[in-house]
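Subject: Structure for your files

Hello,

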Amino acid sequence: TGKFPAHDAGRVSMMELAKATRDARQAGLEQYKLRRNQRRSFQIGTPVFIGVLVYFLWVALHDSFYNSSGEPFLLLAGISVWPTELLRLLAIMLAVIFVTRTYASLRAGIFDMTRRYRLPLTVKTCDFKWRLPATSAPQAAIDAGELWELYQQLGGFGQRVGRIIPLFLVYLVFCAGIMLLLGGPYSPVRGLVSSKWNFALLLTSSLTFLFLAFWIIDAACLCRWLIERLSESPTRYPKSCLRHFARQRGLGKKPGSNENEDTAMMEKDPTYDGTILAEWIDMKLIEQLTERVGRLVYCPFIVFFILLVSRNSWLDRWSWPPSLIIIFTLNLALAAASMLILQNAALKARDIGLENLRAKVEAAEQNAAPSPEANKAAVARKLLEELQSMDKGAFAPLWQNPLIGAILIPSGGSVLIQMLSYLFG
């Protein structure tokens, strides 16, 4: 408020409050549009997927019963390639669904947190970037509003696809080099029709899985980028955000004061107790972001499991050469990389945030008694204890970690299939 006369401070604060209200209303409207578009996508996508599936089954049955040199259509007989192709087609469909659903989920999270944290909403687009902006030099303070707007811009669909493509192509060239050096797998396919479908579905399922894996990794890297910015310097949140959480946590109250006096005090000093609140808001924001992004780690593991099952000996005599084992292992590591990236950044940010908040709490407690600041110190201590007990998102304990559950999808499922094969084979 030093830039404005005293009689204009209230007007500036009201203008900021009105902007936060407009952004919250617009975020609610965008959430409604997003849900409406999801319903439309489901209404359009479901008939398309059903049509593709029916066409595939018609081709497979026609090749089996009306082509003397075609591939037989048999399930769990170990002599038919069509069940494998059916699983690959399912993996392709799921990968497409996961890409669209995860994008919608992250956008919905942005709108929800914009409303919940009184942060600015933007519809502007930034210049295209092949990579996320580099870490800036340490600053006196990070503007949370500007940072949140940039995060929204970098999370746009075009921006994300542009960052994924270079890494995607490099990984494809690397896998092709492994195949050329060690040799590719044998395909027990009979007939021209099944050979064409095998090539098309094998290539498409591999590409869609890799795109999904890099898509989730990019979401984790973008979230990590935001976490690192929040933790590298003190954060300056919008006054409407600080006012909301100060009232909610009791930091905007003084003993013996009424609501009108508290409001007048916060209008006079809109950043009241912001130094303590900022660290707490940082951690709560990180917790909710990582919880939403962390759930996405299941998606590539589900597709990976289907592709793994598609090469089971129950279906046909699929081989496992060293090149394929290496690529599947790398793909598994690729699927797990997103959560590891996210957790490392979140845990590091929590350590920094807890250390800063602990120092501020101790300073507040030293200056508290016997002054009215005792209430402030007590609430600050409560905020510190709340942060120390966080157990969601990237702060979840090992047995609740989404990565552990996701890894158990392909490993546990494969073990179950092998056990059934041993018992009934």
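H2 and H3 cross with a left-handed sense (left-handed: the near helix is turned anticlockwise from the far one by less than a right angle). This is a predicted model, in which local features need pLDDT of at least 70 and side-chain atom pairs count only at pLDDT 80 or more, while totals for chains, interfaces and linings use all residues. Residues are numbered from 1 along each chain as its sequence is written, and side-chain values use heavy atoms, without hydrogens and water.

The axes of H2 and H3 (residues 144-154) come within 11 Å, at a crossing angle of roughly 165°; axes are lines fitted to C-alpha atoms over the stretch in contact, with angles from 0 to 180 degrees between N-to-C directions. H2 and H3 are therefore roughly antiparallel (over 145 degrees). Helices are DSSP runs of H or I with at least four residues, numbered from the N terminus. Arg107, Ile110, Met113 and Thr114 of H2 meet Trp148, Tyr151 and Gln152 of H3, contact being heavy atoms within 4.5 Å.

There are four cavities of 30 Å³ or more. A cavity is a set of points on a 1 Å grid over the protein atoms alone where a 1.4 Å probe fits but cannot get out; lining residues have an atom within 4 Å of a point. Points are joined across faces, edges and corners, and volume is the space filled by probe spheres set on them. The largest cavity has a volume of about 140 Å³. Of its 14 lining residues, Leu106, Arg107, Ile110, Tyr151 and Leu222 are the closest to its centre. H2 gives the most to that lining, six residues.

Regards

Technical notes. 1 Å grid on protein atoms, 1.4 Å probe; cavity = no way out; pocket = protein on both sides within 12 Å on 5 of 7 lines; lining within 4 Å. Helix = DSSP H or I, 4+ residues; strand = E, 2+ residues; numbered from the N terminus. Parallel < 35°, antiparallel > 145°, perpendicular 65-115°, else oblique.
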